[in-house]
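Notebook open, one chain to look through.

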Amino acid sequence: MEILEQCIIEPIKGASFLYWAVVFLVFGCIVGSFLNVCIYRLPRGESIVKPPSHCPNCNWQIPWYFNIPIISYIWLKGKCHNCGKKISPRYVIVEFITGVFFLCSWLKYGNFNPYLAIVVAIFTAALIVASFIDFEHFIIPDEITIGGIVFGLVVSIVLPSLHQSSSWSSSLKQSVLGLILGTALIYIIVQAGKLIFGKLKVQISPDTKIVFTEEELILPDQIIPYCDIFSRKTDAIKIIAKRVELADRCFWQTQVVLTPEKLLIGKEEFPPDTISFMEIVADEITIPREAMGFGDVKFMAAIGAFTGWKGVVFTLCVSSIIGAIVGGLLIIAGLRERSSRLPYGPFISLAAIIWIFIGEEIVRIWLY
Ligand SMILES: [Zn+2]
């Protein structure tokens with residue numbers, strides 16, 4: 001801790017406030033570049049350390065001088081230098097907003113406590129990764145949710161000023177309270193959502209391949225973990241299948257029903273845990289529908305551990321307002337069907353970001 005004090009914190013206090021604002025901005029953009037790697041690789045189960053950055057199209061290993069955040073993207077006009085394939089603007093957007101959030105962390109907390117500025121910056125980085133992964137894959141990886149819970153608890157002990165308290169024990173109490181409240185509230189909403197929305201018939205194009213692995217259901221455009229589908233014994237996935245392929249046999253033109261306790265293929269019954277892999281070709285699938293998934297429950301728990309109970313209540317209220325407005329606008333604009341699923345993680349993240357930067361000001365205006 002003393003070395004950290006001498007090497008990082010003393011120089012931070014010594015140099016001018018503005019100088020460190022620039023450092024946070026630039027460093028944030030560099031971190032954003034790394035977050036892009038996490039966003040691409042975490043949901044695919046790939047290592048985030050090896051191999052070095054490469055073009056997803058031609059596999060060309062990108063040299064450091066073409067990997068400078070934002071600048072390289074503009075310099076190369078958003079294309080791979082080797083194969084000329086367009087690079088998703090997501091890369092430069094993530095680098096930019098990470099830089100901005102790091103800068104805001106310094107502007108808001110730097111004068112008060114440089115440690116806190118660093119910790120808040122890390123928290124915003126986690127929110128960015130969760131949002132972009134959820135937006136694309138409808139999942140939030142455990143690295144972020146479980147990792148975030150541990151991070152929130154540890155920081156609360158080490159840095160009580162996170163919860164504006166002076167002792168580690170009262171700070172930890174705040175953190176645990178936020179964690180429990182966050183979990184409970186979202187869990188209730190998930191369960192209520194299932195009761196209200198009931199089942200969802202997912203429209204899929206003819207002859208779509210549906211894959212069941214040990215942990216998740218894989219559709220062409222989304223991956224749904226079973227824990228998001230099954231919360232009651234009666235929850236069932238129903239498919240009219242053209243072809244069913246198990247590891248050792250095949251079925252044709254039959255109905256498939258999967259519940260947490262049994263797998264029915266036509267009239268044959270199997271215990272689900274004995275089937276490690278199943279591939280189905282079908283035109284239609286019915287799954288129990290939910291407004292949010294179990295990933296959102298863990299995500300909200302992590303946010304609670306970091307922001308305490310006030311942060312949780314604020315995040316929940318504001319995220320549902322933003323979610324309702326955005327969802328409504330998308331339906332009006334004809335970009336989304338009423339029954340289709342909207343990832344909730346990005347709304348939670350946005351609300352949490354608002355809370356840590358201007359939440360208390362907003363609450364003050366609301367209340368007085
Ligand atoms: Zn390429």
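Helices (H or I, at least four residues) and strands (E, at least two) are DSSP runs, numbered from the N terminus.

This is a predicted model, so I take local features only at pLDDT of at least 70 and side-chain atom pairs only at 80 or more, while totals for chains, interfaces and linings use all residues. Residues are numbered from 1 along each chain as its sequence is written.

Entry: overall. I find ten helices and eight strands in the chain.

Entry: α10. How far does α10 span between its end C-alpha atoms? I get only 27 Å, whereas a straight helix of 23 residues would span 33 Å. I also see a kink of about 85 degrees in α10, centred on Ile-358 (the bend is the angle between axes fitted to the seven residues ending there and the seven starting there).

Entry: α9 and α10. I looked up the packing of α9 (residues 294–332) with α10 (residues 345–367): the angle is about 90 degrees and the axes are 7 Å apart. Axes are lines fitted to C-alpha atoms over the stretch in contact, with angles from 0 to 180 degrees between N-to-C directions. That makes the pair roughly perpendicular (65 to 115 degrees). The contact (C-beta atoms, placed from the backbone, within 7 Å) includes Phe-299 and Phe-314 of α9 and Trp-355 and Val-363 of α10.

Definitions and conventions. Angles under 35 degrees count as roughly parallel, over 145 as roughly antiparallel, 65 to 115 as roughly perpendicular and the rest as oblique. Two residues are in contact if their C-beta atoms, placed from the backbone, lie within 7 Å. The expected span of a helix is 1.5 Å times one less than its number of residues.
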